[in-house]
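This report describes a few local features of one protein model. Please look at the sequence and the structure first.

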Amino acid sequence: MAKKNGSIMYKCSNCGYSQPRWLGRCPECNEWNTLEEIIIDNNKITAAGRGTEKQEKAKPVSLESVVSKDNTRIITGIKEFDRVLGGGATKKSVILLGGEPGIGKSTLLLQTAASIKESINGKNILYISGEESAEQIKERALRLNLNTEGINLLCTSRLEDSLDALDSLNPAFIIIDSIQTIYSVDAGLVPGTVNQLKYCSQEFIQWVKEHDSVLIMTAHVTKDGNIAGPKSLEHMVDTVISFERNNEDLRFLHAQKNRFGSVDELGIFSMTEKGLEPVLDPSSLFITERGETIPAGVACTPVFEGTRVFLVEIQALTVPAKASISRVYSERIDSGRVSRIAAVIEKHCGLKFCDQDIYVNVAGGVRLNESSIDLALAAALFSARTDIPCSKKAVFFGELSLAGEIRPINKEKQRVKAAWNSGFSDIFCPPGCSEQGAKPLSDIKSLVKTFKNS
């Protein structure tokens, strides 16, 4: 059937060289077993030649003469999504959304399609699905009680069908779920290959850049949580967003790359029967409710994610090392940071960790990377090793140097205020902070004194 509509060629997946017969080694790049069978469709019109018989040649223009446009962002209507995007989706931009199977990518995008209609003034929305049938998507919309008026649905894996739909509808908002399922006969016969991803993505990106549209593509991820496929795919798009979850119903949305906004913002959602609901006030979301006392090995700290500050709980556990080889088990905090803080305590406080296995966790499953958590991590490790609990009203933040000094960090006033408003009256912080409730500490030895006096 394929031969009637086109001719078979063999194209190198490494350099793009093509010829009419298969060879074991590519004559152009000298790589072995890279020639793949493709079908050249004689009736196909590429994105570069769609709509006109002759393309106008691109010419350079003066940057000074370029006029910037207002209202370049489209508000999605989902506050946490808009926060991560930097205030909304920028027109003529391409967003890549990656996440593990079943985390809620399709749910989030269907909710976005239903809520974005007010921002696009009646323009078309196109949802292209290569994984689900129209009935499955409709059932999800009914279950979530979404208004699907104005949403056009196309269930196909063929690139040519998708491009035809884009030309006919000229949508302002486009969803592709997922890019790994889209294929073109010009790039091979199997979807999801390196050639297919590059070729199909470039066709979609080129179309979007020529129109005032926003394109969101979902992507599969590997077992390590990275987006599957060539790394160049992340360089081709404008924004790369990762969708993660903890062991409960919380979902975390954060940007790994954003040409039009910050990559520091964190969007938090809760998965419910009605779909993904934004968590607008996460200030005390990751603090475990307890009685009058807290167990040893637990310390709280205020952390910044973008423009928001919220309190998290760091948990530590130390047990005698097995076979005299100590190890660090930490998923949410870098294990190298844990080892460094333990070494500082051992050096300046005389408390041995070299014969202990160290386990560190963060309540709620959020990942912590900033240096302000050093003091809280030190408090949790010291508490776990000595079996002396921290005060229930205590919170810690500050950077810890190798010399045992507690160094200042940025946004101290906001951290103190957030901790005070959350009910923490003993706020241990770097020297120089004079806010209400602040108790400055100069070095790691002064932290040890707070435990002895508690």
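Helices (H or I, at least four residues) and strands (E, at least two) are DSSP runs, numbered from the N terminus. The model is predicted, so local features need pLDDT of at least 70 and side-chain atom pairs count only at pLDDT 80 or more, while totals for chains, interfaces and linings use all residues. Residues are numbered from 1 along each chain as its sequence is written, and side-chain values use heavy atoms, with hydrogens and water left out.

Val-66 sits in the loop between β3 (35-41) and β4 (73-74). Together with Val-61 and Leu-63, Val-66 makes a nonpolar surface patch of about 350 Å². Such a patch is made of residues with over 30% relative accessible area and no salt bridge, with nonpolar side chains (Val, Leu, Ile, Met, Phe, Trp, Tyr) joined within 5 Å. The areas come from the Shrake-Rupley method with a 1.4 Å probe.

| Strand pair | Bridges | Direction |
|---|---|---|
| β11 (239-245) and β12 (250-258) | seven | antiparallel |
| β12 and β13 (266-272) | five | antiparallel |

On the β13 side, Leu-250 has Ser-270 as its bridge partner.

Strand β11 also takes part in a side-chain contact. Glu-100 and Arg-245 form a salt bridge (3.0 Å, N to O). Glu-100 lies in the loop between β6 and α3 (105-115) and Arg-245 in strand β11, so the pair ties together parts that are 145 residues apart in sequence. The whole structure holds 17 salt bridges, each a side-chain nitrogen of Lys or Arg within 4 Å of a carboxyl oxygen of Asp or Glu.

A search of the whole structure finds one cavity of 30 Å³ or more. A cavity is a set of points on a 1 Å grid over the protein atoms alone where a 1.4 Å probe fits but cannot get out, and lining residues have an atom within 4 Å of a point. The volume of the largest cavity is about 40 Å³, counted as the space filled by probe spheres set on the points. Among the lining residues are Arg-73, Leu-85, Thr-239 and Phe-260. β5 (89-90) and β6 (93-99) each supply at least two residues of this lining.

Two backbone details remain. Lys-92, in the loop between β5 and β6, has a positive phi of about 60 degrees although it is not a glycine. A cis peptide bond, with omega about 0 degrees, joins Asp-177 and Ser-178.

Methods
1 Å grid on protein atoms, 1.4 Å probe; cavity = no way out; pocket = protein on both sides within 12 Å on 5 of 7 lines; lining within 4 Å. Patch = residues over 30% accessible without salt bridge, like charges linked within 9 Å, V, L, I, M, F, W, Y side chains within 5 Å. Pairing = 2+ DSSP bridges.
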